[in-house]
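I opened the model to look up its fold, its core and its pocket. My entries follow.

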Amino acid sequence: MIWRLFKREAPRGLAVETLHRRINDASRQPGLYTGLGVPDTVEGRFECLCLHVILVLRRLETLPEPAADVAQDLVNAVFLQLDSSLRELGVGDFGVPKRMKKLGAAFYGRAETYGAALATKDLATKDGEALATALARNVIGTPEPGDGAGLARYVLAAAAALEGTDLDALLASGPGFPSPDAFTDQTGAP
């Protein structure tokens with residue numbers, strides 16, 4: 001504790017910590033769970049966190065330096081959080097590396113899948129369906145693509161909002177994720 005008084009935090013480190021906290025907050029918005037079908041479980045929260053981190057990383061990939069360093073610092077912070085969470089859940093020292101390897105593979109697999117679906121310019125057609133299918137399967141946990149439609153609309157709006165954000169704005173005010181409540185229909189179904 002006392003060493004923190006003498007340690008000078010790097011400004012980028014503090015900015016990444018704040019960015020990570022804001023992404024965590026966005027991934028825990030109640031509307032994602034109550035209105036868009038994300039299960040309120042450990043797995044559902046992991047999937048939702050991954051989704052939001054992937055969206056921010058996609059934006060950081062397109063920005064000039066030092067965005068690549070910020071992206072790496074963000075990934076490191078996320079995986080340190082996951083390691084800590086596993087330990088809090090009671091996973092032992094021998095089980096943590098095995099679980100982290102699985103979580104890492106899941107994270108990078110989803111990044112590739114979501115990135116491919118978001119990379120196309122015409123998201124309202126086939127690849128919009130591919131995104132909804134991937135989100136239904138990975139995040140919501142159902143094989144029905146229609147179950148991911150509301151979440152897909154949310155992700156597309158979030159990606160569009162992030163496109164207009166530069167590195168300074170990302171680090172200063174955080175990513176501007178939309179309210180999930182705007183992407184459910186009037187009956188509350190996604």
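Which element gives the largest share of the lining of the largest pocket? I found that α4 does, with 5 residues.

**Basis.** I am working from a predicted model, in which local features need pLDDT of at least 70, side-chain atom pairs count only at pLDDT 80 or more, and totals for chains, interfaces and linings use all residues. Residues are numbered from 1 along each chain as its sequence is written, and side-chain values use heavy atoms, with hydrogens and water left out.

**Fold.** I counted 9 helices and 0 strands, taking helices (H or I, at least four residues) and strands (E, at least two) as DSSP runs numbered from the N terminus. Of the 190 residues, 44% are buried, buried being under 20% relative accessible area with a 1.4 Å probe and protein chains only. I also looked at contacts (heavy atoms within 4.5 Å). Among those between residues at least 6 apart in sequence, 65% join residues at least 24 apart.

**Pocket.** A pocket here is an open set of points on a 1 Å grid over the protein atoms alone, where a 1.4 Å probe fits, with protein on both sides within 12 Å along at least five of seven lines; lining residues have an atom within 4 Å of a point. The largest pocket holds about 480 Å³ of space, a volume being the space filled by probe spheres set on the points, which are joined across faces, edges and corners. Its lining has 16 residues, with Val42, Glu43, Phe46, Leu82 and Leu89 nearest the centre. Two or more lining residues come from each of α2 (11–27), α4 (42–61), α5 (67–88) and α6 (95–119).

Leaving aside neighbours within four places in sequence, I listed the contacts of Leu151 as Leu32, Leu36, Val38, Leu51, Leu135, Val139 and Ile140.

**Asn138.** Beyond four places in sequence, Asn138 is in contact with Glu47, Arg110 and Tyr114.

Conventions
Buried < 20%, exposed > 50% of the residue type's maximum accessible area, 1.4 Å probe, protein only.
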